[in-house]
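Dear colleague,

Please find the structure below, followed by my notes on what turned up when I went through it.

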Amino acid sequence: MEPKPTGPDDFLEYTVLLDETQYNEGYRDGYSDGLISGNEEGRGVGLKLGFQIGEELGFYRGCVDVWKSVIRVDSGSFSLRIKKSIEQLGELVGEYPRLEPENERIQEMMDTIRLKFRLILANLGVKLEYEGYPKSSKLEMEDI
Amino acid sequence: MEHLNLETAPRSSNDDKDLNDDDIDFWGEDETLDTDTNEASSHSSFLNREWKRRHEQFHTMGYRDGITAGKEASAQEGFNVGFKQSVHSGYNWGLVRGISSAYINLSDDLKEKLARTVEKRERLRNLYQSSHKISTMDALKMYHESIQRAETKQEPSESSSQISSGDNGELSMYNQLDDLFKELISIQHDSPEIDLKIEQRREIPE
């Protein structure tokens, strides 16, 4: 560090130094506040998305469970093709890494699951939707 | 959060003359007020204000940059914590929806094969009707409220993951969603024909 500045030139340097100190101090305060608020905001978003993703997956799983039960009590009720699709959907849902929101494959997996589900519905000729059910209009336009 | 920025620097005014208009002072628009004071004091008070203004300016700049960086550093982690906390509750709720909807859409013949008594069929129908009335938005709200209730009871420790791993009992005890889920379990318990993969076990926290 320089000795205590006295002259006008030193004064300028001193000012710059103080500015920097001020900036750094502000940065430190901001950073620690940001850590807290960022964490809270992120958590809020995560809570929402986690619930939605969970709901969607649970919905598919529930359908699969019922359909599989049907197959068990009355194996002639669905065609072989549908049975196979139901089996596959069950596997897909089971493979989805629910606790890894950062996994790179989840979007792709979800798309596959949705398609498979729609395929089964179309084959069964039923409509299963609820308010809030992901419509994914994009998907429909692209793939159907 | 933004409003905090304005308040971070101490605002004590050394300049008693300017107590009433120190907001304006920051913009240096008060020269006219200084006309009847002597040069030196005016000058020094100007410097003083200038100094303070500068001081705050840099502090605020730093604060803004800092808060952005801090948020970026912690948002993902917060997201992950929240996601893991809620995904299981959402999943259970989705099971209620999926099972009751898929059931209600079966042919009468199959409905009877899966639920052999009138009473069971009635319960499944009720489950469907109750759950179908609840939109995803409503469900989210209910879930959110249940979390807040739980958190006011026990101050959230940093390890929110503990909450999620510790069964959803405490967490959403008064939750309608939970009641419907319990009803589902109970129906299933009474109707072995319906083979459900309900995961009673909690996710094992990594």
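Ala102(B) is buried, with a relative accessible area of 1%, where buried means under 20% relative accessible area, exposed over 50% and partly exposed in between, for a 1.4 Å probe and protein chains only. This alanine belongs to helix H3 (residues 39-104) of chain B, helices being DSSP runs of H or I with at least four residues, and strands runs of E with at least two, numbered from the N terminus. Leaving aside residues up to four places away in sequence, Ala102(B) touches Cys63(A), Val66(A), Trp67(A) and Leu128(A), a contact being heavy atoms within 4.5 Å. Its C-alpha atom is separated by 9.3 Å from that of Tyr128(B), 26 residues apart along the chain.

The model is a predicted one, in which local features need pLDDT of at least 70 and side-chain atom pairs count only at pLDDT 80 or more, while totals for chains, interfaces and linings use all residues. Residues are numbered from 1 along each chain as its sequence is written, chains are lettered from A and ligands numbered from 1 in the order in which they are written, and side-chain values use heavy atoms, with hydrogens and water left out.

Tyr128(B) is one of the buried residues of H5(B), together with Lys120(B), Arg123(B), Leu124(B), Leu127(B) and Ser131(B). Seen down the axis of H5(B), these buried residues fall within an arc of 140°, taken from the directions from the helix axis to the C-beta atoms, so they line one face of the helix. On the other side of H5(B), Val118(B) and Lys133(B) are exposed.

Best regards
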